[in-house]
Amino acid sequence: MTNKPKNGNGSEIFEPAAEIVKNANVQEYEKLYKKSIEDREGFWAEQAENLDWFKKWDKVLDDSNKPFYKWFVNGKINIVYNAIDRHLKTWRKNKLAIIWEGEPGDVRTYSYHALDREVTRFANVLKSMGTKKGDIVTIYMPQIPELVFAMLACAKIGAAHSVVYGGFSVEALAERIEDANSKVLITADGGYRRGKIIDLKNIANEAMKRSPTIEVCITVKRTGHEVFMENDRDFWYHDLISIPFANNKCETEIMDAEDMLFILYTSGTTGRPKGVLHTHGGYAVYTATTHKMVFDIKDDDRWWCAADPGWITGHSYIVYGPLINGSTIMMYEGAPNHPYPNRWWQMIEKYGVTILYTSPTAIRGLMRFGEAWINRHDISSLRLLGSVGEPINPEAWKWYFKEVGKEKCPIMDTWWQTESGGFMITPLPITPLKPGSATKPFFGNEVAVVNNKGEEVKVGEEGKLVIKSPWPGMARTIYKAPDRFVETYWKEFEKQGWYKAGDSARIDKDGYVWIIGRIDDVIKVSGYRLGSAEIESALVSHDSVSEAAAIGLPHELKGNAIHAFVILKAGLKHNKELEKELKEHVKNEIGAIAKPEAINFVETLPKTRSGKIMRRVLKAQALGQDVGDLSTLDD
């Protein structure tokens with residue numbers, strides 16, 4: 001790639017290398033984008049033809065009940081048929097589907113044929129435990145192949161999965177089990193992280209005490225440490241799959257395009273997490289298309305999305321999109337810098353990884369150790385790089401480009417959400433890049449930056465990011481809370497029929513979109529979304545705390561770090577021990593990711609007359625900025 005001098009916006013433009021452009025799956029953006037907007041349904045019908053359907057759809061898009069859109073109406077499909085079954089009829093049957101490395105260094109590989117065997121076994125086990133089409137199975141596991149088998153096994157038999165990130169605590173897991181009304185929980189004895197065992201079964205046991213719906217818990221033996229197993233409820237996975245019936249044939253269930261595939265809980269501005277619901281048809285088409293076009297997927301690629309399957313990035317771009325496209329997927333269990341900061345570079349060299357897709361937090365974390373660790377390894381197999389989870393700062397972008405990509409790998413800086421299912425604003429390998437910009441909308445998507453009245457702001461001005469048109473990968477609703485779905489995403493610009501992304505952004509004179517950050521009370525830490533209200537609820541649940549407010553402040557590594565403001569109950573005095581205790585309390589209630597960086601003890605909190613905490617005031621004060629309009633402040 002070559003870079004041009006700074007343009008009028010003060011940012012450099014990096015032109016893609018001629019060889020990348022020549023071999024790209026998509027050769028031209030503007031013309032195809034125009035076509036995808038003028039005939040959106042035609043564009044998506046064309047993409048859907050790349051998948052296998054049991055029965056074709058009658059209508060591409062049904063928008064008669066906005067915002068509850070339906071895609072590929074009356075089409076019959078199963079995402080697992082597309083991710084596994086169809087490959088078994090081709091040469092891909094013997095292609096590697098998964099290369100997995102555990103943190104201690106153990107390695108397992110699975111061809112598509114072997115993946116089918118494992119998923120079929122797991123599907124038969126779930127059926128034997130009474131799991132039926134339409135049930136929701138909760139999965140709470142480390143990043144091991146059985147997590148992928150479990151997700152696919154659920155989808156194969158028509159059950160939905162609810163994957164809970166393995167870093168979440170008892171309270172968070174119990175709450176999600178309860179909301180999903182799950183009868184079956186799939187977990188592991190533990191996983192490895194930085195050389196330590198994370199005791200997942202113990203957390204699962206505590207959560208099940210609070211979750212009367214759970215009848216069966218299937219546990220994968222990963223670490224082998226001693227765990228408590230309750231008779232008639234807890235079963236070892238290895239015992240179950242060794243029973244002869246597990247090897248029986250298991251037909252892939254025929255699903256309607258609009259049948260539920262999974263729910264994934266995401267933090268909201270109120271304390272209770274939202275179960276975002278995705279379906280088989282539209283999600284399959286959208287993830288496969290975005291993955292193939294944006295990352296220019298070729299048959300000989302080795303794809304590494306270094307996320308966790310417990311988040312949407314892992315669902316869409318570790319599991320479903322890549323498997324539908326017949327890719328070879330790299331998975332790794334542990335931390336990027338354990339035992340040394342060259343762990344990732346070592347694996348890229350060892351396995352010949354061609355595409356690395358990771359978060360700005362991981363990039364900044366590895367940047368601290370310098371390029372000497374990279375230069376010990378031959379990572380010339382890399383062809384493309386990607387970034388996800390939060391806006392990447394230009395300094396980290398340039399380091400990633402220069403030191404990891406050796407100035408030849410374009411960086412696909414993708415903006416999207418749990419609710420969107422897949423990439424919404426993203427470059428293609430042929431796109432000239434500006435460090436820090438997500439560049440332009442993906443095909444079929446119209447985006448705008450508007451003010452509170454819904455008027456488009458001027459070029460370069462900050463405003464609210466909206467998506468003007470429906471897309472196949474979009475969430476269909478919030479599980480059991482359709483009114484909340486409308487209220488959260490559609491109410492503000494209901495008249496125009498636009499989706500409110502909840503992020504602020506600006507668009508430059510070249511039409512490039514720059515994402516600035518969240519405008520609601522959601523804090524992004526290391527690319528993970530945490531609701532202010534969740535953290536505040538955790539703090540207030542401590543006996544000493546009367547009120548609390550949580551904000552995100554810029555952090556060199558994490559992007560944002562949580563800073564909490566706490567009012568203690570009358571007569572109590574704060575000290576270092578209490579501060580430490582409150583931090584641990586939040587960690588225990590939600591998970592280590594939510595542990596506050598700092599706790600400030602205060603006498604009052606800024607509130608509106610209606611009692612709403614004005615977190616923006618706290619943030620402005622902490623950053624030494626102008627606090628803005630305080631006319632709605634109570635005091």
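This is a predicted model: local features need pLDDT of at least 70, side-chain atom pairs count only at pLDDT 80 or more; totals for chains, interfaces and linings use all residues.

Student: Why is Glu 101 called buried?

Tutor: Its relative accessibility is 4%. The cut-off is under 20%. Glu 101 therefore counts as buried. Glu 101 lies in strand β6, residues 96–101.

Student: What makes the pairing of Glu 101 with Arg 343 a polar contact?

Tutor: The two side chains come to 2.9 Å. The limit for such a pair of N or O atoms is within 3.5 Å, so the label holds.

Student: What makes α16 a helix with a buried side?

Tutor: Helix α16 spans residues 482–490, and Phe 485, Val 486, Tyr 489 and Trp 490 are buried there. These residues cover an arc of only 100° around the axis, so they sit on the same side of α16. Residues three or four places apart in an α-helix point the same way, because there are 3.6 residues a turn.

Student: Which exposed residues does the face turned away carry?

Tutor: Asp 483 and Glu 487. The cover over the buried residues of α16 includes β17 (274–279), β25 (477–478) and β26 (499–507).

Student: How do you know that β23 and β24 pair?

Tutor: Two strands pair if there are at least two bridges between them. β23 and β24 (residues 463–467) have 4 bridges, in the antiparallel sense. By that definition, they therefore pair. Val 450 stands opposite Lys 464 in β24.

Student: What makes β23 and β27 edge strands?

Tutor: The open sheet has 4 strands in the order β23-β24-β26-β27, with antiparallel pairing. β23 (447–450) and β27 (513–518) each pair on one side only. The twist averages 45° from one strand to the next.

Student: Which residues touch the most other members of the largest nonpolar core?

Tutor: Phe 72, Leu 115, Ile 139, Leu 152 and Phe 295, in a core of 119 residues. Helix α6 (residues 145–156) gives the most to this core, with 9 residues. Leu 152 touches Val 80, Ile 84 and Leu 115, among others.

Student: How many residues are in the second, separate core?

Tutor: That core has 38 residues, among them Ile 214, Cys 217, Leu 530 and Leu 568. In soluble globular proteins, nonpolar side chains tend to be buried together.

Terms used:
Residues are numbered from 1 along each chain as its sequence is written. Side-chain values use heavy atoms; hydrogens and water are left out. Helices (H or I, at least four residues) and strands (E, at least two) are DSSP runs, numbered from the N terminus. Axes are lines fitted to C-alpha atoms, for helices over the stretch in contact, and angles run from 0 to 180 degrees between N-to-C directions. Buried means under 20% relative accessible area, exposed over 50%, partly exposed in between (1.4 Å probe, protein chains only). A polar contact is a pair of N or O atoms within 3.5 Å; within protein, one must be able to donate a hydrogen and the other to accept it, and residues adjacent in sequence count only if both atoms are side-chain atoms. A nonpolar core is a set of buried Ala, Val, Leu, Ile, Met, Phe, Trp, Tyr and Cys residues joined through side-chain atoms within 4.5 Å. Contact means heavy atoms within 4.5 Å. The arc is that of the directions from the helix axis to the C-beta atoms.
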